[in-house]
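Here are a few notes to read alongside the structure. Take them one at a time, and find each residue in the viewer as you go.

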Amino acid sequence: MTTVAESRRAAPVPATLEATKTAASPLTGRKWEIARLNELVHSAVTGHGAGLVVRGVAGIGKSALLAQLAELSPAHRVIRLDSAAAEANLPYSALHQLCSELSHELQQLESHHRQALETAIGRRPADGDDRLLTCVALVELLSRAAEPQPLVCLVDNAQWTDRASADALAFAVRRLSSVPAALVFASRVSCFASLPELLLEGLEHAGARWLFESALPAPLDERVVDRMVVEADGNPRTLLESARSSSPSDLAGGYGVVVPAQPRDTTAVESLTHDGKLLLLLAAAEPLGDPVRLLRAAAQLGIDPPAADEVRSAGLLSFGAWVTFPDPRWRGSYYGTASAADRRRAHGALAAVTDPAQEPDIHAWHLVHSRVDPDDAIGDGLASAAAIARDRGGRPAQAAFLERAATYTVDPRLRTARAVAAADVSYAAGAADTAARLLATAELGSLGAADRARADHLRAVMEFDLHRSPSTVAGLVESAKGIELINPQLARPAYLEALSAAIFTGQVDAIRTVLPRLAEETPKGSDRLLEGVIERCTGGYAGAVESLKLALKTLDSDHEESARSRVLACLVAADLWDDGTWHDLTAAEVDRARRSGSRSVLPYFLTHRALVEIHTGHFDVARSLVAEARTITDATGRPPFPHAEGVLAAWRGEAPHELSAAAERGAGSMRSLAQYATAVLGNGTGHYARAAEATRDSCMGDRLELQGWSVVEFIEAAVRSGDRDAASTALERLSDHAFLTGTEWALGVEARSRALLREGRDAEDLYLEAIERLNRSCIATQLARTQLVYGEWLRRQGRRIDARKELRAAYDAFAGMGANAFAGRALRELLATGERARRRTAGTSSRLTPQEQRIASLARDGRSNPEIASVLSISPRTVEYHLHKVFSKLMITSRNQLHLVLASSET
């Protein structure tokens, strides 16, 4: 039976498109094409060479398919060529690329074959042009290159391959039937008439939509998404460029029209009649591509029906279920080249034919774009429709409506209030510059007390996010006090934000005396969370555990809570060792923030979610989440979050440089996580004294900064360093926390830590208990750690056979995750038991480049570095460099261990 923990470990939530583009997960919508290429590669493995042309229009995904094929061919030698338009008329320019890649094999050819190729590519003077001899020499070159391992040669942009090289390559393909080699050409046109073709067409609607939405920086109205996907005609490049070409505020949830900085060529528009041009503008201004609305608006403007035939005949518009352009990016170009007066006329007509009762948001949007002068009625309509816009297009759409509502409102007090509201939502959507401008606009007017408090709080939040320094916490506290004077209920999320910032920067002691005590008959989840965290920070762990557990249970039902209070809830779940809640809460909050377009808090949730993925053993997913968070912080002009990136680096056996550097400049959770990461790396690499020193401070305090993780690392490091007294003292604190929380994660690591300090049967019982408990959690890293230390203990008891089982399980788990340091530690222990590690063919090869595979194979066979350098025509220093990388990837320490992890068939 599969437990909940096992299902969580086995099924990570894909975070981004990049996270799912792995060898195990082919490109979106290309399952059949990948299968066809796999057949080709398989035929090469069996010694039957072949060739194939992948043909399709620009942007359809040919290059991505070749890249995917390279990933799916770990046991092959992969050579990639890329033809260029500038070299299309240079004879044998593509052959020159190929010979450069195969320079070693070229030197091994018979002299007349080598001379023929060298003459063709200009390396020796030409005595003539014997094309047949050149083609035969190319066959010999490819055959020799495929001798150590099957060869896959990928030629991108083959439509620009020079004719002489194309003829030679086609000649070679027809004569490689008994050679383990496959040649794949990607081309926009048919350029190899004698070779079979794989026609690459556009993605189906479902796959195209998934790809488009995965690349969007913020949500879009689903109807707009469908229209843009249809316009892209399944072309992946068009979809991705359309999704990434504009900021969330420009997209405005799909209501806005994105005008490119450099409009596309609109020459075809110049030949249209006035009615044709106006109809084209109407289509550009109507975001949903609704043909009924468009034709009714055209009638409002007196556009004659033949105009539709005119633009259709010119290939500028298509009429069907949607009114679509040949390319979604053309819409903004046509809109941008129209005059302001014509754009207002178009929007006015569209507003006139849109029912304000049925579609108040669409009506209000077109109406405001048809006017110039402020009008309270327009402002009211926009403000009322903002909530509908948020439901359809997320925070960016809501922000766009509120900003325009403020701009078009005449009443000064209402205008300033709406400007503050628009600033708040704009900042939530990630538009910090817009938020700052709106705040400045609001402060020019007359702000009421409530709006002044709200503006002060937003400024304090922006200041903290920009600097994340201890000095900014006081501003958050003061702004929360200001809100409390106006409305105590609204002050609670503000105080939670201040608490979260204080924990982040290590300023809890400085502010806890000013935090309020709340007494409500029916407290909400945020109330309980605030009370629990205050108790945790002032009274300690024991008094806060139960209230915090209750707060986490009631949090999800409270939909009005501040998103930033839920950031603190993620931290609390980890502090309580509640892996189930931590897993589910972070997944839900990442999804909520993405769907709503809340880019100001999304990096916080992505960081917490990445930490979850690290502890559950999904390092690749964690890496993609870290990359997504960094992309957002870069785009919004805020400092990055090195927390999860540093922890991930440590688990992968790398120094957490950026996290450590950031921690030196601050305190709080960043410093605690830096200490934890240093200890993980030290325990993985066997530098136990360094690990103990890094986390010794964590055992002295008891703060809500995930210090419990560091205590676990300290106990193992202290035991290994011989400081058992310090380990025993730290264990007492860990035990207190574990029994208070009662989770399998906490009790599992506590049992393992206690076993490190016990002997004989007591130790073994505790190791077995730890394995059993952690197996019921989703913390795969700690389960593997327990199997490792238990295996080490068994070996030292002389029970080698029993030790092998645990060590092999630990090694396989760590190797699968990519926890290189711990995998190396497990492998060394496994080898010490006398185990001959199972040979890893596909898994091993997939981690090595073709050059690394060749060097590793020669080293395995006993060749010295100078000998390998001579064989491969490289320097001994280069050999040494590559071997160092090989040892790191295969998690071994010397060339004497290569035969244990590298099968003899690998070269």
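The points below go through a strand, a helix, the nonpolar cores and some aromatic pairs of this predicted model.

1. Let's begin with strand 4, which covers residues 181-187. How many of its residues are buried? The count is 7 of 7, so the strand is mostly covered, given that buried means under 20% relative accessible area. Ala181, Leu183, Phe185 and Ser187 point one way, while Ala182, Val184 and Ala186 point the other way, and all are buried.

2. Now look at the partners of strand 4. Strand 1 (residues 50-55) pairs with strand 4 in the parallel sense, over 6 bridges. Within this part of the picture, Arg55 has Ser187 of strand 4 as its bridge partner. Strand 3 (residues 151-156) also pairs with strand 4 in the parallel sense, over 5 bridges. Here Leu154 stands opposite Val184. To get from strand 3 to strand 4, the chain passes through helix 9 (residues 163-174), and this β-α-β crossover is right-handed.

3. Helix 36 (residues 668-685) lets you check a simple calculation. With 18 residues at 1.5 Å a residue, the helix should span 26 Å, and its end C-alpha atoms are 26 Å apart, which agrees. Of those 18 residues, 15 are buried, so helix 36 is mostly covered, with buried taken as under 20% relative accessible area. Just after the helix comes Gly686, with a positive phi of about 85°.

4. Which residues have the most contacts inside the largest nonpolar core? They are Val533, Trp651 and Phe814, in a core of 201 residues. Helix 21 (residues 376-408) gives the largest share of this core, 13 residues. There is also a second, separate core of 42 residues, which includes Val53, Val139, Ala146 and Leu151.

5. Phe814 deserves a visit of its own. You will find Phe814 in helix 43 (residues 800-817). Is Phe814 buried or exposed? Its relative accessibility is 0%, and therefore Phe814 counts as buried. Leaving aside neighbours up to four places away in sequence, Phe814 touches Trp651, Thr781, Ala784, Arg785, Leu788, Ala819, Phe822 and Ala823. Another pair to locate is Phe814 and Gly824: they are 10 residues apart in sequence, with their C-alpha atoms 8.8 Å apart in space.

6. Next, the aromatic rings. A search of the whole structure finds 18 aromatic pairs. One of them is Tyr255 with Phe401, an edge-to-face pair at 4.9 Å centre to centre and 75° between the planes. This pair links distant parts of the chain, as the two residues are 146 residues apart: Tyr255 lies in the loop between helix 13 and helix 14, and Phe401 in helix 21. Tyr255 counts as buried because its relative accessibility is 2%, and Phe401 is buried too, with a relative accessible area of 0%.

Methods. Residues numbered from 1 in each chain as written. Predicted model: local features only at pLDDT ≥ 70, side-chain atom pairs only at ≥ 80, totals over all residues. Heavy atoms only, no water. Helix = DSSP H or I, 4+ residues; strand = E, 2+ residues; numbered from the N terminus. Buried < 20%, exposed > 50% of the residue type's maximum accessible area, 1.4 Å probe, protein only. Contact = heavy atoms within 4.5 Å. Pairing = 2+ DSSP bridges. Right-handed = clockwise from strand over helix to strand, strands pointing away. Expected span 1.5 Å × (residues − 1). Core = buried A, V, L, I, M, F, W, Y, C linked by side-chain atoms within 4.5 Å. Phe/Tyr/Trp six-rings, centres within 6.5 Å; stacked < 30°, edge-to-face > 60°.
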